[in-house]
Amino acid sequence: MKISRSIRPLFLALLTLALSTLAFAFRAQDSPRAEWIPPVPREKAKTPFAPKPFGGDNIFKGEAEGWLADAIVKVEAGTLKPVEDRFVADYVAQLGKRLAAYSVAPSRQYQFVVLDDDAVNAMCIGGGRVYVNVGMLKAVESEDELACIIAHEIGHDAFGHAPKTVTRQLFWMTGVRKVRTYEEVESALKNLLAAYEKNSFAAVGDNLLGFSRFNELEADRAAFYDAYKTGYNPNAMKTIFKRFEREEKAEAGKDYAMSQFMTLLFGSHPPTPQRETALSWESNFVKMPPKAERHKSAAFDVMKSRVAKL
Ligand SMILES: [Zn+2]
């Protein structure tokens, strides 16, 4: 779940060249900043029950949270490949920044990166790094749905779920209680991965999923209020959950150590009915828009037509 963080100048030059040949067809779409019109925010809405970040065991505070995110990117080298479509990357980055502005942690620095990966997934590795797969962009059917997904990842980030999860796992799996430098974080992460490879995922999974599910519900609640305040319809979350469930079953066949590792760390979800019930509860506390109301977004439609060709 993330953004165009390291587009190299050569790549930009090539992209500009490629796009200029398409300029006639795509001139308007090449400037998403001018094109995308966000919904009217509900800035004055009272959301007294919106969850607020709190403390908890976390050895990756401050600078160390950035070390962890950098180390994950490094250990994952090669699997986090940003998409080359500038319109798609810019569109998601703008939507993410807008949602971040109405989140519980508006002052945090975020990076929203679209990954060239067809798996229906989004994730947050902490340190403001949110990644959205092309597969997710293909799966969503409205900007409201995409906003809910991104807001969910922003929620994970704001609540420190990734650093707290890794804190617990480092302690349980390797006994590490403290990290002082980037190098220590990177080697701790590699040791954790090695420890996982020696164990069966099923055996360790039981210890982690309970917390992880709690994190998911917390991120759902944060997403509900974030999407709502930004001007989207939080009902879109229920629609996407149902689609998720189908897609996850279809994805279940794939298995690789790293993807399992990442899924175990960041990707487990509570049962869909449990998530829907939680959101129905939240909807008692705000003035909800009509169930089927969705923000009309020309930029979303352009994004959809572009990802369909990727
Ligand atoms: Zn999640």
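Student: Which side chain meets Lys 81 in a salt bridge?

Tutor: This is a predicted model, and a salt bridge here needs a Lys or Arg side-chain nitrogen within 4 Å of a carboxyl oxygen of Asp or Glu. The N to O distance for Lys 81 is 2.8 Å, and its partner is Asp 116.

Student: Are Lys 81 and Asp 116 buried, exposed or partly exposed?

Tutor: Buried requires under 20% relative accessible area and exposed requires over 50%. Lys 81 has 42% relative accessibility, and Asp 116 has 42% as well. Both values fall in between, so Lys 81 and Asp 116 count as partly exposed.

Student: Which parts of the structure does the salt bridge of Arg 129 and Asp 70 tie together?

Tutor: The side chains of Arg 129 and Asp 70 meet at 2.6 Å, N to O. The two residues are 59 apart in sequence, so the parts tied together are strand β3 (residues 129-133) and helix α4.

Student: Which residue of that pair counts as buried?

Tutor: The limit for buried is under 20% relative accessible area. Asp 70, at 35%, counts as partly exposed. At 13%, the buried residue is Arg 129.

Student: What is the count of salt bridges, and which residues form a network?

Tutor: The count for the model comes to ten salt bridges. A network of them links Glu 65, Arg 108 and Asp 157.

Student: What length does helix α4 reach from its first C-alpha to its last?

Tutor: Helix α4 spans residues 63-75, which is 13 residues. At 1.5 Å a residue the expected span is 18 Å. The reach in the model is close to that, at 19 Å.

Student: Why do the buried residues of α14 lie on the same side of the helix?

Tutor: The buried residues of α14 (residues 298-308) are Ala 299, Phe 300, Val 302, Met 303, Arg 306 and Val 307. They lie on the same side because the arc they cover around the axis is only 160°.

Student: Which exposed residues does the opposite face of α14 carry?

Tutor: This face is turned away from the buried side of α14. Its exposed residues are Ala 298, Asp 301 and Ala 308.

Student: Which residues coordinate the zinc ion?

Tutor: The donor spacing in sequence is H-x3-H-x59-E. The two histidines lie four residues apart in helix α7 (residues 143-158), about one turn of the helix, and both are buried. At 2.0 to 2.1 Å, the coordinating residues are His 152 (NE2), His 156 (NE2) and Glu 216 (OE).

Student: How many disulfides does a search of the whole structure find?

Tutor: Cys 124 is buried, with a relative accessible area of 5%, and Cys 148 counts as buried at 1%. The number of disulfides found in the whole structure is zero.

Note on methods:
Residues are numbered from 1 along each chain as its sequence is written. This is a predicted model: local features need pLDDT of at least 70, side-chain atom pairs count only at pLDDT 80 or more; totals for chains, interfaces and linings use all residues. Side-chain values use heavy atoms; hydrogens and water are left out. Donors are N, O and S atoms within 2.8 Å of the metal (3.2 Å for Na, K and Ca); water is not among the atoms, so sites may look incomplete. Buried means under 20% relative accessible area, exposed over 50%, partly exposed in between (1.4 Å probe, protein chains only). The expected span of a helix is 1.5 Å times one less than its number of residues. The arc is that of the directions from the helix axis to the C-beta atoms. A disulfide is a pair of cysteine sulfur atoms within 2.5 Å.
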